[in-house]
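Okay, thanks for coming, everyone.

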Amino acid sequence: GLSAICAGRVPAALRPTASIGLARFASGDSLYTLLTAADEALYEAKKSGRDRVCAAAPARAAWQGTAA
């Protein structure tokens, strides 16, 4: 990962870290819903520690297949 790339090249106090939030665009999504999902995944990655990647759960999964 990023830490391995920087090891021995960058002083420990200056080593970069990365937290990444991923979201998948689905038909019917708006830019707002996509960015909100990615933002929530980013905050989850940050809460999980350094050098983490988290993916947002599909927004429609909670209601797909249920009859109203």
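What covers the buried residues of α2? The cover includes β1 (19–22) and β2 (52–55), and I'll come back to that helix in a moment.

First, the housekeeping. This is a predicted model, where local features need pLDDT of at least 70, side-chain atom pairs count only at pLDDT 80 or more, and totals for chains, interfaces and linings use all residues. Residues are numbered from 1 along each chain as its sequence is written, and side-chain values use heavy atoms, with hydrogens and water left out.

So, the overall picture. The protein chain has two helices and two strands, and from the N terminus the order is α-β-α-β. Of the 68 residues in the protein chain, 12% count as buried. Buried here is under 20% relative accessible area, exposed is over 50%, and partly exposed is in between, using a 1.4 Å probe and protein chains only. As for contacts, meaning heavy atoms within 4.5 Å, take those in the protein chain with a separation of 6 or more: 48% of them are between residues 24 or more positions apart.

Now back to α2. Helix α2 covers residues 31–48, which is 18 residues, and reaches 26 Å from its first C-alpha to its last, close to the 26 Å expected at 1.5 Å a residue. That expected span is 1.5 Å times one less than the number of residues. Which residues of α2 are buried? They are L34, A38, A41 and A45. They sit on the same side of α2 because they cover an arc of only 60° around the axis, the arc being that of the directions from the helix axis to the C-beta atoms. Over on the other side of α2, Y32, E40 and K47 are exposed.

A56 and A41 are 15 residues apart in sequence, yet 5.2 Å apart in space, C-alpha to C-alpha. If you skip neighbours within four places in sequence, A56 is in contact with L22, A23, A37 and A41. A56 counts as partly exposed because its relative accessibility is 26%.

Next, the stretch that follows the helix. Just after α2, G49 takes a positive phi of about 125°. Then there's R50, in the loop between α2 and β2, and R50 counts as exposed, with 65% relative accessibility. R50 touches T17 and A18, not counting residues up to four places away in sequence. D51 is partly exposed, at 31% relative accessibility.

One last stop, in strand β2: that's where V53 is found. V53 counts as exposed because its relative accessibility is 54%.

That's my tour, so let's talk.

Notes:
Helix = DSSP H or I, 4+ residues; strand = E, 2+ residues; numbered from the N terminus.
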